[in-house]
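Trainee: Please take me through the charged side chains. Where do they sit, and what do they meet?

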Amino acid sequence: MDVRRIAIFASGSGSNAQNIIEYFADNKSFIIDSIWTNNPDAYVLERARKFGINSFVFSREDFKNPGFVVEKLQMRNINLIVLAGFLWLIPSNLIQNFRIINIHPALLPKYGGKGMFGMNVHKAVVENRETESGISIHFVNEKYDEGEIIFQAVCPVLPVDSPEDVAEKVHQLEYKYFPGVIEKVLREYI
């Protein structure tokens, strides 16, 4: 049986990571191999412990080192890296060696780029009186949020919505669609 292994990179709470872990829990073809974070205090590490998944913390120096993270991932036979709330720009050595996908809490190309994550995005959506927002799942390239879009889902933004309201709508889309899109990428691209 051809098993494909997923590494999840996250910088914070890891609610999307947990959703992905639960989605693939009983799948023998696709397994969540490990959780990787740049934040030693990230709650995603507790989620990894809860599910018995190996986790790794790395510094900015480790991440930029041409071989450090890449070699560890290759030793683990990783087929796909999933960014689930990971905030650093991905170095070219990782992009050259792995398929990487990211989820962004807006309808790209709007509200992407450096500094556009989490509540920063939702505040911008509300301030600009957008009538819709959503999620974009895309391949990762050397620039923030500019890789090929794989999937988008839309939610309405009402005139009375706060950034927190928009965030909740977007989170629901993330939980609903992200794991299935990951599975599709694994089946069709890897």
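This is a predicted model: local features need pLDDT of at least 70, side-chain atom pairs count only at pLDDT 80 or more; totals for chains, interfaces and linings use all residues.

## Charged side chains and their surroundings

Mentor: Start with R187, which is exposed at a relative accessible area of 53%. Residues are numbered from 1 along each chain as its sequence is written, and side-chain values use heavy atoms, with hydrogens and water left out.

R187 has a partner. It forms a salt bridge with E183, with 2.6 Å between the closest N and O atoms. The term covers a side-chain nitrogen of Lys or Arg within 4 Å of a carboxyl oxygen of Asp or Glu. Side chains of opposite charge can pair when their charged atoms come close. Both R187 and E183 belong to helix α7, residues 163-189. They are four residues apart, about one turn of the helix. Helices (H or I, at least four residues) and strands (E, at least two) are DSSP runs, numbered from the N terminus. E183 counts as buried, at 14% relative accessibility.

Helix α7 also packs against helix α1, residues 15-23. The angle is about 55 degrees, and the axes are 9 Å apart. Axes are lines fitted to C-alpha atoms, for helices over the stretch in contact, and angles run from 0 to 180 degrees between N-to-C directions. The two helices are therefore oblique to each other. On this scale, under 35 degrees is roughly parallel, over 145 roughly antiparallel, 65 to 115 roughly perpendicular, and the rest oblique.

Now the other salt bridges. The structure holds six of them. In one, R5 pairs with D33, and the closest N and O atoms are 2.6 Å apart. This pair links distant parts of the chain: R5 is in strand β1 and D33 in strand β2 (residues 30-37), 28 residues apart. R5 is partly exposed, at 25% relative accessible area. D33 counts as buried, at 6% relative accessibility.

R76 is partly exposed, at 22% relative accessibility. Put together, R5, D33 and R76 are linked in a network of salt bridges.

N77 lies in the loop between α4 and β4. Its phi is positive, about 55 degrees, although it is not a glycine. Most residues other than glycine have a negative phi, and most peptide bonds are trans. N77 is exposed, at a relative accessible area of 52%.

Some charges meet rings instead. R60 lies over the face of W88, 4.0 Å from the ring centre. A charge sits over a ring if NZ of Lys or CZ of Arg is within 6 Å of the ring centre and within 35 degrees of the ring normal. R60 is in helix α3. It is partly exposed, with a relative accessible area of 38%.

The structure holds 15 aromatic pairs. Rings of Phe, Tyr and Trp (its six-membered ring) pair if their centres lie within 6.5 Å; planes under 30 degrees apart count as stacked, over 60 as edge-to-face and the rest as tilted. The rings of F9 and F86 have centres 5.5 Å apart and planes at 80 degrees, so they are edge-to-face. F9 is in strand β1 (residues 4-9), and F86 is in the loop between β4 (80-83) and α5 (92-97). Both F9 and F86 are buried. F63 and W88 form a tilted pair, 5.6 Å centre to centre with 50 degrees between the planes. F63 is in helix α3 (residues 60-64), and W88 is in the loop between β4 and α5, 25 residues apart. F63 and W88 are both buried. One aromatic cluster takes in F9, W36, F56, F58, F63, F86 and W88.

Methods: Buried means under 20% relative accessible area, exposed over 50%, partly exposed in between (1.4 Å probe, protein chains only).
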